[in-house]
Amino acid sequence: MVKPRFSLLLLLFVGSIMAAYYWSQPSLPAQADYYPVGRDINPFTLTDGDGKPFTAANLAGHWTFLFIGYTYCPDVCPTALADLRSIYPELKKIEPSSQVVFVSADPQRDDSARLKSYTTFFHPEFKAATGPHRALFPLVRNLGLVYSIVESERKDYLIDHSASIVLINPEGKLVAMFRPKVAPGEVAHVDMQTMVSDFARIVRLADE
């Protein structure tokens with residue numbers, strides 16, 4: 001017969017081991033929509049800021065922060081790029097392979113030269129790409145994002161688009177989506193410091 005004192009000690013010992021195990025596990029992202037297994041991204045072909053093909057091969061081996069927009073965007077896009085520039089050193093410190101990719105949903109006005117000039121203004125390492133809508137629509141939808149052209153007959157038309165930033169892992173799978181904060185009177189934007197901390201958690205989870 002097991003003595004009560006021994007049973008208590010045994011339970012305490014087992015409990016301490018279990019607690020140590022759980023405390024050692026990396027915590028899940030605090031706010032990002034996280035997909036542990038990763039979601040497949042279908043093959044695609046766009047054109048980058050140098051006029052070269054931009055495909056899934058450009059994502060391989062990198063942690064990619066990707067968002068859609070257009071260079072004539074009056075608020076969300078410049079805000080996002082400026083925010084990403086401010087935390088880019090932190091992202092690179094967490095994972096040196098990190099890259100930022102801006103996909104334009106406005107191929108009519110955003111040619112390669114304009115795209116490169118636009119992203120380089122924010123950071124010389126930021127990448128940009130676009131393509132015909134027949135290539136853009138499937139990719140954007142595949143990433144869980146959306147866009148639509150408003151009053152396309154006007155020369156100065158606007159484009160409604162997602163303000164979320166998606167994270168693609170080095171295997172080319174979608175692993176997280178960072179959704180923007182939306183407050184009255186403010187430009188929708190992703191909280192950068194939360195994204196940095198969540199990214200660190202996701203990288204640690206991937207290394208487990």
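## The β2–β3 hairpin

In the hairpin formed by β2 and β3, four residues lie between the strands, and glycine 51 adopts a positive phi near 80 degrees. This is a predicted model, in which local features need pLDDT of at least 70 and side-chain atom pairs count only at pLDDT 80 or more, while totals for chains, interfaces and linings use all residues. Residues are numbered from 1 along each chain as its sequence is written, and side-chain values use heavy atoms, with hydrogens and water left out.

Helices (H or I, at least four residues) and strands (E, at least two) are DSSP runs numbered from the N terminus. The strands β2 and β3 run antiparallel and are joined by three bridges; threonine 47 stands opposite proline 53 in β3.

## The sheet around β2

Eight strands form an open sheet of mixed pairing, in the order β1-β10-β9-β4-β5-β6-β2-β3. Two strands count as paired if DSSP finds at least two bridges between them. Because β1 (33–39) and β3 (53–55) stand at the edges with a single partner strand each, one side of each is left without a neighbour in the sheet. From one strand to the next, the twist averages 30 degrees.

Strand β2 (residues 45–48) also pairs with β6, in the antiparallel sense, over two bridges. Threonine 47 stands opposite threonine 130 in β6, and the bridge partner of aspartate 48 in β6 is alanine 129.

In a regular strand the side chains alternate between the two faces of the sheet. In β2, Leu46 and Asp48 form the covered face, whereas Thr45 and Thr47 form the uncovered one. Helix α4 (residues 133–142) lies across β2, β4 (63–69), β5 and β6, and runs at about 105 degrees to β2.

Helix α2 (residues 76–94) and helix α3 (residues 112–122) pack at an angle of about 45 degrees, with their axes 9 Å apart. Axes are lines fitted to C-alpha atoms, for helices over the stretch in contact, and angles run from 0 to 180 degrees between N-to-C directions. The contact (heavy atoms within 4.5 Å) is made by Cys77, Pro78, Leu81, Ala82 and Arg85 of α2 and by Tyr118, Phe121 and Phe122 of α3.

Methods. Buried < 20%, exposed > 50% of the residue type's maximum accessible area, 1.4 Å probe, protein only.
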